[in-house]
Structure formats: structure tokens, C-alpha cells
Amino acid sequence: MPFPAEKGLHAGRRAGTFAHHMIVAPKIRGFICTTAHPQGCARHVAEQIAVVKNRGPIVGGPKKVLVIGSSTGYGLASRIAAAFGSQAATLGVFFERPGTQDRTATAGWYNTAAFEAEARAAGLYARSINGDAYSHEIKAQVIEAIKADLGQVDCVIYSLASPRRIHPVTGQTFTSVLKPVGEPFTNKNLNTGNGEVREVTIAPASEEDIAQTITVMGGEDWEMWIEALSNAGVLAGGTRTVAYSYIGPELTWPIYKDGTIGRAKADLERAQKALDAKLSPINGKAWISVNKALVTQASSAIPVVPLYISLLYKVMKARGSHEDCIEQMDRLFRDRFRNPDPDEAGRIRLDDWEMDPEVQTTVQRHWEDVTTENFPALSDFEGYQTSFLRLFGFGLDGVDYTAETNPEVGIPSLG
Ligand code: NAD
């Protein structure tokens with residue numbers, strides 16, 4: 001058996017079978033980490049649960065919640081806030097890879113394994129479905145699960161972030177891109193690997209790029225979900241559905257709000273209005289929640305945004321107004337469901353503290369001044385990197401990263 005030592009792998013007998021254990025370290029490739037730590041992800045989930053529990057029970061929140069994109073980032077935080085704040089039964093949908101003998105699972109897999117274990121220990125229903133949320137098949141599986149276990153749901157969170165979508169009707173594969181629209185965009189950009197700040201020019205998207213990005217990240221799939229759930233009779237009276245968006249400051253607009261992703265988010269807002277009308281007979285309501293810029297697997301891939309986030313974190317932490325995904329989603333479930341306080345376009349604004357004029361004035365000034373040399377002083381690069389590693393379960397307190405661990409961890413409801 002013994003595997004080559006350099007693979008950091010060896011086999012040992014566990015309960016009569018060979019369980020393979022390995023030391024798991026981060027392996028960063030560009031803007032992703034290709035490994036994840038099972039116990040670290042579990043700690044990360046436990047810390048998020050503690051944030052919600054420390055704020056006490058959420059009164060009047062939803063009780064049966066479907067979260068589409070529930071394994072990482074804003075979707076995972078939504079699931080945790082619903083379950084541990086509002087004592088909700090949760091059904092989660094995601095696309096994650098389990099671990100094998102010699103390869104770790106994706107972080108979302110370990111997050112979900114830990115979430116389900118904690119939910120069950122707290123006496124909360126939790127079931128998960130792993131597969132392509134864009135497909136008819138996964139929608140049908142979710143409807144079957146709701147019928148069998150919950151009857152109906154009263155809240156549907158839509159939190160997908162994906163680079164591609166296979167269209168369920170045509171079978172065509174669409175790819176989303178992060179590009180400006182119309183003109184090339186030149187601005188400062190951070191190399192998150194080495195802390196260098198350099199100018200970058202991003203060529204504008206083609207019409208085809210724009211159309212494909214809208215198909216992947218726009219509102220059509222959200223509408224398909226609500227249509228399918230509604231037709232199956234599994235939406236309770238008063239159901240709320242919420243999809244997440246971002247606006248941000250003007251300096252990021254060419255790449256975000258006015259770029260290809262922004263076009264897709266505009267389409268999400270179109271869908272919100274259509275869904276609002278569709279849900280009104282059952283007193284339901286569709287919302288767009290504009291959330292804060294945060295380090296997630298999805299946001300790490302956007303040019304220019306990681307530099308903005310590094311500068312933003314510094315300012316918001318100094319003011320004591322910094323939040324991570326869990327504090328944002330706790331605020332959504334705890335406060336905004338009762339008092340949405342919508343903006344002129346009818347959106348929930350959880351980016352209110354980010355967009356505070358004092359915060360933005362300082363960030364803008366730092367943006368103009370920032371160079372590779374003064375970047376460590378002007379930014380919270382350490383916070384950026386720490387947050388990034390935590391997404392994959394690295395750098396958490398109470399985890400022995402020198403110990404060997406079994407990469408094969410089961411999600412209870414997936415058998
Ligand atoms: P994320 O990458 O952490 O999460 C994406 C989720 O989608 C994961 O659970 C993943 O498994 C799931 N997923 C992706 N493709 C799937 C598929 N085909 N089938 C099933 N599940 C699939 O991303 P995030 O940053 O939490 O983004 C979630 C939403 O929040 C997005 O709409 C994003 O635009 C929005 N948002 C993000 C930020 C930010 O700064 N990160 C800010 C505001 C809004």
C-alpha cells in the first residue's frame with residue numbers, strides 16, 4: 001500500500017476498511033484554492049452558527065426554506081441564518097464534488113456535511129441535493145423532496161454563482177464572462193498572489209458575451225424555479241423569494257454594474273418584477289437584495305474587485321461596520337424580512353454600510369493613492385487573504401493542520 005511520501009498520503013486501517021488519510025494544505029491556483037480542509041470548513045460553519053445564535057432567536061422568520069446555491073458564500077450564510085436563527089427546516093441545492101481517497105472534496109461539500117450534522121444535533125430538519133440547479137431533473141428532485149418531507153416551503157433563496165449553464169430546454173452550454181461593455185476598461189488591479197498593484201486593461205465584451213452572461217447569471221433560471229415550484233403547489237401562502245445582487249461604487253461600475261455581470265443583474269431585476277406579479281395571488285413577494293462586496297469564491301474571480309475589497313475592509317473594520325456573509329444574512333432574516341426598507345427601485349439594501357458616503361470617500365481617496373508600495377498600509381490585504389483561505393477551511397482556530405485527516409466525509413442526507 002504505502003503511497004509515495006511526497007503525495008502526503010498514507011493508508012491506515014479504520015473500522016475494518018482502509019481509510020486514507022492525508023495532510024491537507026492550501027493549493028492556490030490563480031484565484032481558486034484546489035484543496036479544502038474538512039475540519040477547517042466545519043469550524044468555519046460552526047463559527048457562523050455561533051454568530052447567529054449569539055444574536056438570539058429570529059422572531060417571525062420563515063420556517064421552511066429552500067436555498068438554491070446553499071453550500072458556500074451568501075447561500076450557505078442564508079441557510080445558517082434561517083436554520084439557527086429562525087429554527088427553519090432547510091433544503092439546500094448546490095453543485096459540489098465529494099472527496100476521494102487522494103483528493104479533497106470542494107469546500108461546499110465539507111461545509112454542507114458540517115451544517116447538516118449541526119442542524120441534526122439541534123433537532124432541525126436539513127436535507128441537501130447535489131446537482132445542476134439549472135436542470136429540470138434537479139428541480140423535479142427538489143419538488144419531490146418538498147412534497148415528501150415539508151409539504152410546502154415559505155421562502156426560496158436564489159444564490160447561484162456559476163461560470164456556465166447548460167440550458168435545460170436546448171441543451172446548449174452558455175458561459176458567463178466578467179468584461180466591460182462598450183469600451184475597454186483600464187484601472188488598478190491587485191495580484192492577490194503577491195500583493196502587486198498594476199494597471200490592467202480589459203477588452204470589452206462582444207454582443208454574444210453579453211447575451212451568454214445574461215443567460216447564465218440573469219433571471220431566467222430563477223423564474224423557472226418559481227414556475228416549477230408554483231405549478232407543483234409547493235409554495236406556501238406568503239412565500240418570499242430573494243435573489244442577490246451587487247451595485248458598488250462608481251470605480252467598479254465599468255467591470256460590475258455596467259459590465260456583463262451588471263447586464264445579467266439587470267435581467268435579475270426584470271425577473272423580480274415578473275415574479276412579484278406571479279406570486280401576488282398567494283400573497284407572495286419576490287425581492288432583490290443588494291449585498292455587500294465580500295470575499296467569496298465568486299467575487300475572487302472578478303478583476304479590480306479584490307483591490308476594492310482590500311481597501312474597503314480596512315475602512316469598514318476601522319469604523320466597526322465590517323460584516324461577513326453571515327452578519328449580512330443574519331441582518332436579512334432578522335431585520336429586513338420584517339422591515340425591508342426598500343430603495344427607490346424596490347430593492348433591499350444590505351450594502352447600506354458599504355455605501356455610506358464617509359466609507360466611500362475614504363476608499364475612493366485610497367484607490368487614487370494606492371500603489372504596490374503603499375498597498376500594505378492602505379489596505380487590509382491580510383484580511384483579504386485570511387478571508388480567502390477561510391473559504392476553504394484554512395487558518396481557523398482550533399484546527400490541527402499538521403494532523404492527517406480523511407478527505408472522504410459524508411453528507412448525512414446524501415447517504
Ligand atoms: P459562491 O461561489 O460562494 O456560491 C455559489 C453557490 O452556487 C454555491 O453553493 C455553488 O455550489 C452553487 N452553484 C454554482 N453552480 C451551480 C449549479 N449549476 N447547480 C447548483 N448549484 C450551483 O458565490 P457568492 O458570492 O455567495 O454568490 C451568490 C450570489 O450572491 C450571486 O448572485 C452573487 O452575484 C451575489 N453577490 C455576491 C457578492 C459578493 O461580493 N460575493 C455581493 C453581492 C451579491
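In strand β14 of this predicted model, Trp 287 is the bridge partner of Val 242. Strands β13 and β14 run parallel and are joined by six bridges. This pair belongs to an open sheet of seven strands, whose order is β7-β6-β5-β8-β13-β14-β15 and whose pairing is parallel. The edges of the sheet are held by β7 (126-130) and β15; each has a single partner strand, so one side of each is left without a neighbour in the sheet.

Strand β8 (residues 153-158) pairs with strand β13 (residues 235-245) in the parallel sense, over five bridges. Within this pairing, Val 156 has Thr 241 of β13 as its bridge partner. On the side of strand β5 (residues 64-68), β8 is joined by four bridges, and these two strands also run parallel. Here Val 156 of β8 stands opposite Leu 66. How many residues of β8 are buried? Six of its six residues are, and the strand is described as mostly covered.

The ligand is the next point of interest. It is surrounded by 30 residues, and the closest of them are Ser 71, Thr 72, Ala 133, Lys 265 and Thr 296. Sorted by class, the shell comprises 13 nonpolar, 13 polar and four charged residues.

Several contacts can be followed at the level of atoms. Ser 71 places a polar side-chain atom 2.6 Å from an oxygen atom of the ligand. For Thr 296, a polar side-chain atom lies 2.7 Å from a ligand oxygen atom. Gly 73 takes part through its backbone, with an N or O atom 3.5 Å from an oxygen atom of the ligand. Taken alone, the ligand exposes 840 Å², of which the protein buries 92%.

Attention now turns to the backbone. Most residues other than glycine have a negative phi. Val 304, although not a glycine, has a positive phi of about 70°. Val 304 lies in the loop between β14 (285-290) and α8 (305-319). Is Val 304 buried or exposed? With a relative accessibility of 0%, Val 304 counts as buried.

A positive phi is found at Asp 341 too, where the value is near 50° in a residue other than glycine. The loop that holds Asp 341 runs between α9 (325-336) and β15 (348-349). Asp 341 is partly exposed, its relative accessible area being 49%.

The cysteines complete this account. The count of disulfides comes to zero, where a disulfide would require two cysteine sulfur atoms within 2.5 Å.

Terms used:
Residues numbered from 1 in each chain as written. Predicted model: local features only at pLDDT ≥ 70, side-chain atom pairs only at ≥ 80, totals over all residues. Heavy atoms only, no water. Buried < 20%, exposed > 50% of the residue type's maximum accessible area, 1.4 Å probe, protein only. Pairing = 2+ DSSP bridges. Near = heavy atom within 4 Å. Polar contact = N/O pair within 3.5 Å; in protein donor to acceptor, adjacent residues only side chain to side chain. Areas by Shrake-Rupley, 256 points an atom, 1.4 Å probe, with all protein chains shown as cover. Nonpolar A, V, L, I, M, F, W, Y, C, P; charged D, E, K, R; others polar.
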